[in-house]
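Here is a short briefing to read beside the sequence and the model. Please keep both in view as you go through the points.

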Amino acid sequence: MLKENYTLLLGASGNLGGKVAHEFITRGIPVGLVARDTSRLRAFEGSANLLEGDFHDDGFLRDSLSRATGLFCTVPDTALAAPEASAARLIKLLQDSPVSHVVNISNATLKRGGNYTSLIRFEQELSKVSGIAVKHLRCANFFENLNWGINTPYLPHVKLPYISSYEIAHVAAVYLQHRSFEGVTVDELLGERDYSMAELAERVGVPYSQLPYSQENIHFYRPFNEGEYELVPRTEQNTTVPANPRFTLDYFIRHELRLV
Ligand SMILES: NC(=O)c1ccc[n+]([C@@H]2O[C@H](COP(=O)([O-])OP(=O)(O)OC[C@H]3O[C@@H](n4cnc5c(N)ncnc54)[C@H](OP(=O)(O)O)[C@@H]3O)[C@@H](O)[C@H]2O)c1
């Protein structure tokens with residue numbers, strides 16, 4: 001039976017959303033889990049509302065939000081093609097709903113090639129919502145990105161911040177459980193330290209070999225290699241010391257790294 005007053009989790013069949021779902025279910029808090037195909041949510045059957053639908057479908061989102069009091073928001077890449085329009089649409093749907101608190105997954109990379117990144121543009125527009133508390137989590141690169149391949153077009157020595165998605169999921173779940181945040185606020189989650197690809201490959205125990213750009217990825221990687229990017233500056237406050245062994249790079253390498 002569909003429970004009311006749940007926290008709606010977008011992207012629940014994905015890497016981060018799935019971990020947030022586990023956090024909620026472990027705490028016994030009602031959740032509505034969204035995927036385009038609920039067979040991808042089988043692990044949660046019986047412990048959550050499984051909601052099949054598409055982020056781009058207004059009717060589906062309106063209906064799912066009508067029973068929600070909180071929202072964990074990850075935006076699909078397709079909606080980031082037009083970040084401002086997607087955020088404006090979400091604001092409209094949220095303002096017709098009982099949702100009081102939103103945790104939105106944003107990005108610690110503020111600018112690339114001189115332009116705001118799409119998650120930051122989405123964040124800026126979503127911040128215009130009124131009467132709903134929004135916590136933006138500006139996240140470093142996820143360790144899980146290493147599963148896309150250790151060898152990338154990044155120059156070997158370019159250092160970027162990395163974090164465990166378990167840690168992000170924990171922070172998001174605590175915020176949505178206690179709902180003590182107000183207004184529109186930003187937290188920066190930069191993980192323990194920055195890593196270069198050469199260092200990450202060494203930790204994994206393989207040599208790093210820089211790949212050539214492709215047509216599809218040159219716009220993403222080249223600005224980093226040429227220093228044309230702006231990151232959230234690392235401070236003591238946004239440097240997160242792993243509070244749990246699962247939040248560490250070692251845990252990721254031992255348990256979750258899939259070398260392709
Ligand atoms: N990777 C990083 O370094 C990094 C850094 C900062 C922020 N982020 C952000 O973190 C978020 C989560 O990352 P992740 O690793 O969990 O991604 P992921 O594993 O690829 O999961 C993506 C999720 O989005 C869902 N989705 C895709 N298109 C959808 C649509 N049209 N309608 C409804 N759901 C849709 C997928 O569900 P189905 O396909 O099952 O429907 C899946 O659950 C992303 O938004 C990303 O931009 C990532």
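How many aromatic pairs does the structure hold? The structure holds nine aromatic pairs. This is a predicted model.

**Aromatic pairs**

- Phe143 sits in the loop between S9 and strand S10 (159-163). Phe252 belongs to helix H8 (residues 249-255). The pair therefore ties together parts that are 109 residues apart in sequence.
- Phe143 has 5% relative accessibility and so counts as buried, the cut-off being under 20%. Phe252 is also buried, at 3% relative accessibility.
- Phe224 and Tyr229 make another tilted pair. Here the distance is 4.9 Å centre to centre, and the angle between the planes is 40°.
- Phe224 is buried, with a relative accessible area of 3%. Tyr229 counts as partly exposed, at 26% relative accessibility.

**Aromatic cluster**

- Which residues form one aromatic cluster? They are Tyr154, Phe220, Tyr221, Phe224 and Tyr229.
- Tyr221 lies in helix H7 (residues 218-225). Tyr221 is buried, with 12% relative accessibility.
- In sequence, Tyr221 and Thr152 are 69 residues apart. In space, their C-alpha atoms are 8.7 Å apart.

**Charges over rings**

- Arg89 lies over the face of Phe55, 5.2 Å from the ring centre.
- Lys111 places its charged end over the ring of Tyr116. The distance to the centre of that ring is 4.8 Å.

**Ligand shell**

- There are 23 residues around the ligand. Those that come nearest are Ser13, Leu16, Arg36, Arg40 and Phe55.
- By class, this shell has eleven nonpolar, nine polar and three charged residues.
- Which elements each supply at least two residues of the shell? They are helix H1 (15-26), strand S5 (101-107) and strand S9 (141-142).

**Backbone contacts to the ligand**

- Asn15 has a polar backbone atom 2.8 Å from an oxygen atom of the ligand.
- Leu16 has a backbone N or O atom 2.8 Å from an oxygen atom of the ligand.
- For Phe55, a backbone N or O atom lies 2.8 Å from a nitrogen atom of the ligand.
- Taken alone, the ligand exposes 930 Å². The protein buries 79% of that area.

**Ser97**

- Where does Ser97 lie? Ser97 is in the loop between helix H3 (83-95) and S5.
- Is Ser97 buried or exposed? Ser97 is buried, with a relative accessible area of 14%.
- The Ser97 side chain reaches the backbone oxygen of Leu94 at 2.7 Å. The side chain of Ser97 also reaches the backbone nitrogen of Val99, at 3.1 Å.

Notes: Residues are numbered from 1 along each chain as its sequence is written. This is a predicted model: local features need pLDDT of at least 70, side-chain atom pairs count only at pLDDT 80 or more; totals for chains, interfaces and linings use all residues. Side-chain values use heavy atoms; hydrogens and water are left out. A residue is near a molecule or strand if one of its heavy atoms lies within 4 Å of it. A polar contact is a pair of N or O atoms within 3.5 Å; within protein, one must be able to donate a hydrogen and the other to accept it, and residues adjacent in sequence count only if both atoms are side-chain atoms. Accessible areas come from the Shrake-Rupley method with a 1.4 Å probe; for residues, only the protein chains shown count as cover. Helices (H or I, at least four residues) and strands (E, at least two) are DSSP runs, numbered from the N terminus. Ala, Val, Leu, Ile, Met, Phe, Trp, Tyr, Cys and Pro count as nonpolar, Asp, Glu, Lys and Arg as charged, and the others, Gly among them, as polar. Rings of Phe, Tyr and Trp (its six-membered ring) pair if their centres lie within 6.5 Å; planes under 30 degrees apart count as stacked, over 60 as edge-to-face and the rest as tilted. Buried means under 20% relative accessible area, exposed over 50%, partly exposed in between (1.4 Å probe, protein chains only). A charge sits over a ring if NZ of Lys or CZ of Arg is within 6 Å of the ring centre and within 35 degrees of the ring normal.
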